[in-house]
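Subject: Structure for your review

Dear colleague,

Please find below the structure that I am handing over to you, with the sequence alongside.

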Amino acid sequence: MTISRLMAAGLHLGHSTSLWEPATLPFIFGTREGISIINLEHTLVYLRRACNVAREVALRGGSILFVGTRPGFQDLTIEAARYCDGFHVSSKWIPGTLTNRHQVLGRHAPPDPEDPGRPPKTYKPDLIVLLNPLEHKIAISEAQLNNIPIIAITDTDYDPRLVSYPIPANDDSIRGVELVAKVLSTAARDGLHRRKQLLDQREKEKKLLRKQHSTKY
């Protein structure tokens, strides 16, 4: 990732100064024609930090949920999730998805083959990637109640303190949001690949130990 690539995707263009959220001041380079300009040096730093988080969660076997529901975001959200074997919400966040997941998600979960009468298991994600946080106050509240960290694109009209790992950037540029989603998905996929390598290595070591043990006795 480079600053020039972020700029080409339009991630430096914030909102009108009339919509400015004071908490974003450290991320603003200046203003131009009434528009806040985001300092992409900060964007790059925070994006790299978010990538490290996504990579580590995947490396540890955690699940990642991508959420992007604005028009034009649906396909890129699904693609990002699938690329790293994650999950996605691309149409609408149903209240209670996390706080009442057994009721909300249970109806869609497959039954237990060993005991069909038992309530199906539901899981909560270990990390949420939120592409349009402004419209998802309920999702953020539910994640906070469940201690689930959130990576989110935070424009100049949104308080970055409301999420765990903000990425200061323009959340209205479809091309820019797609770029951020792909980078995070690639980082998570890298974590999955490393996890597979580690598990394969451990399995080889176990086989070698068993072989040595059988040879000894």
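I begin with Asn-132, which touches Val-67, Gly-68, Thr-69, Arg-70 and Phe-73, leaving aside residues up to four places away in sequence; contact here means heavy atoms within 4.5 Å. Asn-132 sits in the loop between β6 and α5 (137–145). Its relative accessible area is 0%, so Asn-132 is buried; the classes are buried for under 20% relative accessible area, exposed for over 50% and partly exposed in between, using a 1.4 Å probe and protein chains only.

Please note that this is a predicted model, in which local features need pLDDT of at least 70 and side-chain atom pairs count only at pLDDT 80 or more, while totals for chains, interfaces and linings use all residues. Residues are numbered from 1 along each chain as its sequence is written, and side-chain values use heavy atoms, with hydrogens and water left out.

Overall layout

The chain contains six helices and eight strands; these are DSSP runs numbered from the N terminus, with helices being H or I of at least four residues and strands being E of at least two. Read from the N terminus, the order of elements is α-β-β-β-α-β-α-β-α-β-α-β-β-α. Along the principal axes, the C-alpha atoms fill a box of roughly 80 × 45 × 25 Å. The chain has 217 residues, of which 45% count as buried. Among contacts with a separation of 6 or more, 60% are between residues 24 or more positions apart.

Two bridges join β1 to β3 (residues 35–38) in the antiparallel sense, and Ser-16 stands opposite Ile-35 in β3.

Asn-39 belongs to the loop between β3 and α2 (40–59). Asn-39 is buried, because its relative accessible area is 16%. Leaving aside residues up to four places away in sequence, Asn-39 touches Phe-27, Ile-28 and Phe-29.

Phe-27 also takes part in an aromatic pair with Tyr-46, and the structure holds one such pair. The ring centres of Phe-27 and Tyr-46 are 5.1 Å apart and the planes stand at 75°, so the pair is edge-to-face. Phe-27 lies in the loop between β1 and β2 and Tyr-46 in helix α2, so the pair ties together parts that are 19 residues apart in sequence. Phe-27 is buried at 10% relative accessibility, whereas Tyr-46 is partly exposed at 23%.

Nonpolar cores

The largest nonpolar core has 34 residues, and those touching the most other members are Leu-11, Leu-47, Ile-64, Leu-131, Ile-151 and Leu-184. Such a core is a set of buried Ala, Val, Leu, Ile, Met, Phe, Trp, Tyr and Cys residues joined through side-chain atoms within 4.5 Å. At least two residues come from each of α2, β4 (64–67), α3, β6 (127–130), β7 (150–154) and α6, and α2 gives the most, with nine. Beyond four places in sequence, Leu-47 touches Met-1, Leu-6, Ile-167, Val-180, Val-183 and Leu-184. A second, separate core of 15 residues includes Leu-65, Val-89, Ile-150 and Ala-152.

In helix α3 (residues 74–83), the residues Leu-76, Thr-77, Ile-78, Ala-80 and Ala-81 are buried. After α3 comes Asp-85, with a positive phi near 60°.

Cysteines

A search of the whole structure finds zero disulfides, a disulfide being a pair of cysteine sulfur atoms within 2.5 Å. The sulfur of Cys-84 has its closest cysteine sulfur in Cys-51, and the 11 Å between them is too far for a bond. Cys-51 is buried at 8% relative accessibility, and Cys-84 is buried at 5%.

Yours sincerely

Definitions and conventions:
Pairing = 2+ DSSP bridges. Phe/Tyr/Trp six-rings, centres within 6.5 Å; stacked < 30°, edge-to-face > 60°.
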